[in-house]
Amino acid sequence: MVEMQAAPMAPPAPEQARAPGLVLEPHGMGWIGSWSTEVPLNLPTSRGNRAGVRADAVLQAPEAGLPVLFVEVDNCTESADTLAAKFEKYLRYFRLKTKNPLGSDSPVWRTQYPSTGREGRPPVVVVFNPGTRTGPQALKNRMNTVMELTRLVWSGSYHGAGGGYGAEERDGYYDYADAIPLLFTTLDRLQTSGPRTAVWWRCGHGQWETLPDTLANPDDHDAWYARDEQRRRQREEAEQRRQQEWAVERERWAQEPDPEPEPAPEATPCERCKGPITGPLGYDLEFAPPEDGRHCPACRTDLRQQYPTLRQAVFGRRSRSK
């Protein structure tokens, strides 16, 4: 598990003096009517549904990029196990289906809230309010414990998609369709810096971020597809360069003159007649004596037919060394 690093607290920003006619943008999100508190999340037909959970608050502020945000306030008075168990109930609630007017299945939460416009379930944020009961290190340990206990809720499922055809790089993506974006923050951070700054910690991201960055999924299928498209373009560019290099090389070869054929080696003439050692064209070699490397077939035949000398008759014919 990546240990959460507590970011240093920034001092409260000094109040900005109002200039004549200047309207300052509010530092918060939404307005008072955007908030609902103690909201039960159950099946419409059953108040006691076991999959239900009661949200401490629900924020609907589409103008701030939050069509719906479920909020849990943790005063650090209950155990980390009890807090973590709430998010399993959230996940069961988000998985509930009901029939829409068209007769097809639709998530129950969509009957009450608009689509988030993002992959996965609606985001849930935990606002930790330790007060003087919990010190900084104990709060960090509590956050890490809750993050580890809820890993199956927020982590998504990994798919090893590889790096594309012919790629050595191994790559993949996370599917967040059934994952809850689980966010952490603290009350003092919100009061000091406001919700539009980097005061949000999304489980799995590993750093304090602004709210839009926490809700993004930099390692999802779309991000993998973009990387794979880039790899595909790089392969195509490399192939084009290779084809261009081959075309230049073929053009260079085409312009070079053909090499002159090497002259055939001259045959050694016959020692006896000085003619070609292979004999005249059309000579029947069937009855010629075996080649001796010194005479043509005709001379070998003549030499075979000569009368032997006295020495040859007594001692036999001996072949002469070449």
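Buried means under 20% relative accessible area, exposed over 50% and partly exposed in between, with a 1.4 Å probe and protein chains only. Keep that at hand for the exercises below.

The model is predicted, so local features need pLDDT of at least 70 and side-chain atom pairs count only at pLDDT 80 or more, while totals for chains, interfaces and linings use all residues. Residues are numbered from 1 along each chain as its sequence is written, and side-chain values use heavy atoms, leaving out hydrogens and water.

**Exercise 1. Find the buried residues of helix H2, and state what covers them.**

Step 1: Locate the helix. Helices (H or I, at least four residues) and strands (E, at least two) are DSSP runs, numbered from the N terminus. H2 spans residues 136-149, which is 14 residues.

Step 2: Check its length. From first C-alpha to last, H2 reaches 20 Å, close to the 20 Å expected; the expected span is 1.5 Å times one less than the number of residues.

Step 3: Pick out the buried positions. In H2 they are Leu139, Lys140, Arg142, Met143, Asn144, Val146 and Met147. As a reminder, an α-helix has 3.6 residues a turn, so residues three or four places apart point the same way.

Step 4: Look for the cover. It includes strands E3 (66-74), E6 (124-128), E9 (182-186) and E10 (200-202), along with helices H1 (80-95) and H3 (151-154).

**Exercise 2. Describe how strand E3 is paired, and explain why it is largely enclosed.**

Step 1: Start with E2 (residues 53-61). Four bridges join E2 to E3, and the two run antiparallel; strands pair if DSSP finds at least two bridges between them. Ala61 stands opposite Leu66 in E3.

Step 2: Inspect the turn. The hairpin of E2 and E3 has four residues between the strands, and Gly65 takes a positive phi near 80 degrees.

Step 3: Turn to E6. E3 pairs with E6 in the parallel sense over five bridges, and Val73 stands opposite Val127 in E6.

Step 4: Conclude. Eight of the nine residues of E3 are buried, so the rest of the structure largely encloses this strand.

Definitions and conventions. Contact means heavy atoms within 4.5 Å.
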